[in-house]
Every structure is written in structure tokens, then in C-alpha cells.
Amino acid sequence: MQLKNIPARATLFAFAALLLAVFAAAPARAQEEAPPVVLDEPVAQVDNYVIMHSQLKREKAEFRDVLVKQRGMTPEQADAEIERKQPEIIFNLINEALLVQKGKEMPRVPEDVEAEVNREVLRVAKQSNIATIEELEDAMRREGLSLADIKETLRRQFMRQAVLQREVDSKVYFGLTEKELRDYYNANKTKFVSVTLSELFLSLAGRNEVEVKAKAADLAARARAGARFEELVEKNSEHEPTKKTKGVLADGEGKARWFLVSELSNDIGAAVRDLKAGGVSEPIKTEEGYMVLRVNERDDSFKENFVRGVMTSERVEKEREKYLRTLRKEAYIKPAKEFEAVIQPLLEKDKSETAAAGGAQAAPEKKAKGKKQ
């Protein structure tokens with residue numbers, strides 16, 4: 001079951017991005033991983049699964065790419081950051097191993113995950129104008145890549161997310177009582193102002209930005225003066241998906257989508273926050289151009305799914321960590337000798353935090369037992 005309004009804090013890998021990253025990194029990694037070849041060795045045993053050094057090496061290489069290409073670090077800075085973060089990287093691998101093993105034991109989860117992996121592969125093949133999976137495999141093989149390896153990476157990511165959503169997120173989401181929801185809403189009403197929106201978009205591609213912005217401002221002024229927004233969209237907008245809906249930002253079923261203003265990006269939220277129904281924003285700059293938004297409907301009444309979603313997003317990270325700590329406590333985790341100094345302190349920290357939490361509950365538990373006697 002898919003849960004609406006439950007945010008996925010740990011975002012799943014997008015297959016297309018992953019594939020592009022692998023293709024882009026292939027030549028560099030071929031040089032980095034050239035002979036002499038080091039035999040694979042264990043990092044840690046986690047129940048029936050063994051985390052291998054090759055896994056850790058891949059995680060470090062991917063993290064290094066992010067640090068250098070996305071965060072602008074020098075290779076030396078990236079290497080220093082990876083060394084500092086190595087305990088966290090290994091602990092994430094331990095958590096992943098536990099979640100994957102847990103997922104394999106849960107009814108229907110393996111089948112659901114496999115179906116999700118296959119859908120993602122088919123989606124990307126279609127997006128890349130590749131007719132069959134066989135053609136995709138051939139294209140990857142020519143680059144020295146393996147679709148099976150990519151699918152396994154996706155499988156582990158989807159499995160991890162599925163377990164956390166079923167074992168943690170959904171329990172937080174559906175466990176909130178009516179009183180908790182109402183109390184939170186009454187104390188945080190400004191978070192729950194929601195709107196439906198229509199968009200008029202002008203592209204900057206190959207154009208003078210000053211002229212595009214001026215045209216967007218003129219269209220906004222015309223809309224405020226009484227011109228029908230739908231007609232302005234039809235004659236001027238350059239975003240085909242919303243042009244087809246006469247500007248309305250819709251959900252997958254074509255219905256106007258409600259947005260929480262508090263969850264919109266800062267610039268869009270600021271542009272529509274004080275607008276009443278029918279109000280039109282000033283031009284808002286995006287990476288591709290300028291857009292003008294009209295607020296079609298505005299509502300700040302209690303909407304249970306929105307309140308559940310916001311409260312869940314605020315609580316789920318802490319609850320996920322508690323769940324992972326429980327999995328680690330119940331698991332057999334044996335670090336390889338080379339990694340004992342890295343892993344053991346983290347396991348000891350788990351024990352101390354578990355003991356502290358248990359101590360806080362000890363008195364009430366003892367009292368309850370006394371009552372039963």
C-alpha cells in the first residue's frame with residue numbers, strides 16, 4: 001500500500017540518475033581500479049550477511065563523486081571527508097544489511113520490491129528510447145557495466161525503503177490519535193494553509209531575460225485587471241503539461257492538486273502566501289524561465305491527511321533510528337579485526353543508549369508488575 005503524504009526522508013535512488021552516474025564514472029573508475037587487484041575481504045558479518053570490502057569501496061567511490069562533482073570539493077578534501085565519515089558509511093551498510101534481511105522475511109515485500117525494480121528499469125529503457133531490456137543490457141555491456149548489478153543496487157534501496165515505511169512510517173502515520181492531530185493543528189494553523197494553483201510559464205531558452213521578465217509582469221498585470229487566466233495560458237504559456245490543463249497544476253488523475261504553502265519552496269511560498277483566491281503572483285524566476293501563479297482556491301481548515309503528513313515528517317527520523325537500534329541490538333554483528341576500532345565504539349554507543357532508554361522505563365514497569373501481584 002502506498003501512503004499518501006508520508007515523506008521519504010531517505011530518498012530512493014532514481015535509476016536514470018544512477019545509470020548516468022555509473023556511465024560517467026566508468027572511465028575514471030577503470031583507471032582507479034586498475035591492477036594490481038586486491039582480493040576481497042570482509043568488513044563485518046551481520047547475521048547471515050557479510051559486508052565485503054568491495055562494497056565499502058563502492059560506497060566511498062560514489063560518495064567521493066558527490067563531494068567532488070556536486071559539492072565542489074577538491075579530491076584531497078573529498079578523501080579527507082571520506083576518511084572522517086568512514087564509521088558512518090560502514091554503519092549505513094550495516095543498517096542496510098539488516099533492513100534487506102528483514103524485508104526478505106516480510107510477507108509480499110520481496111515480490112513488491114521486485115516488481116518496483118522491474119517497473120523502474122522498463123521506465124528508464126522507454127525514456128531512453130530503448131525498445132527492450134535485452135537492448136539495454138547490450139548497451140550497458142558495451143560500457144563494461146552490468147544491468148544485474150544495477151538492479152541489485154536498486155533492489156537493496158527499494159527493500160530498505162519498503163521496510164522502513166511499513167515498520168516505522170506507517171505506524172507513526174496511522175498511530176496518531178484524533179486528539180493529537182487536532183491539538184497540533186490548533187497550535188500550528190499557519191502550517192496548514194493550502195492552495196490550488198494555476199501556472200503560466202515563459203521560457204528563457206535563447207531569449208533576453210529582461211524581455212521575458214517584462215512580458216511575464218505584463219501578463220500578470222493583465223490577469224489582475226480581469227483578463228481570463230486560462231486564455232493567457234493558452235496563448236502564451238510554454239509548459240506543455242500545464243498548458244493542456246489550462247494552467248491548473250493537477251495530480252495524476254487530472255484533479256486540481258492541493259499544496260501546503262509551508263511545504264512549497266521559499267520563493268514560491270513567499271509569492272502565494274498572502275494571496276486570496278483569484279490572486280495572481282508577481283513573476284517568479286526558475287532555472288528555466290519565469291512563471292506567474294494564480295491561487296484558484298485557498299483553505300486553512302483542518303485536513304487530516306495534511307496534519308498526519310506533517311507530524312509524521314517531524315517524528316519519523318527519530319522513530320527510524322530507534323527501530324534501527326532495535327534491529328542492531330537483536331542482530332549478530334561481528335566486525336572484521338581490521339575494522340573493530342571503527343565499528344565497536346558505535347555498537348557500544350548503541351548499548352549505552354538502549355540501557356539509558358531502558359532505565360527511564362524501569363520504574364514504571366516495576367510498578368506495573370507490582371500491581372499484577
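Biologist: Over how many bridges do strand 1 and strand 7 pair?

Modeller: This is a predicted model: local features need pLDDT of at least 70, side-chain atom pairs count only at pLDDT 80 or more, and totals for chains, interfaces and linings use all residues. Residues are numbered from 1 along each chain as its sequence is written, and side-chain values use heavy atoms, leaving out hydrogens and water. Two strands (DSSP runs of E, at least two residues, numbered from the N terminus) pair if DSSP finds at least two bridges between them. Strand 1 and strand 7 are antiparallel, and the number of bridges is 3.

Biologist: Which residue of strand 7 stands opposite Ala44?

Modeller: Ala44 also has a bridge partner in strand 2, namely Ile51. Towards strand 7, the residue opposite Ala44 is Pro335.

Biologist: How many residues lie between strand 1 and strand 2 in their hairpin?

Modeller: Strand 1 covers residues 42-46 and pairs with strand 2 in the antiparallel sense over 4 bridges. One of the bridges joins Gln45 to Val50. In the turn, Asp47 has a positive phi of about 55°. The number of residues between the two strands is 2.

Biologist: What are the edge strands of the sheet?

Modeller: The open sheet has 3 strands, in the order 2-1-7. An edge strand here pairs on one side only. The edge strands are strand 2 (49-52) and strand 7 (333-335).

Biologist: At what angle to strand 1 does helix 3 run?

Modeller: Helix 3 (a DSSP run of H or I, at least four residues) spans residues 75-105 and lies across strand 1, strand 2 and strand 7. Axes are lines fitted to C-alpha atoms, for helices over the stretch in contact, with angles from 0 to 180 degrees between N-to-C directions; contact means heavy atoms within 4.5 Å. The angle between helix 3 and strand 1 is about 40°.
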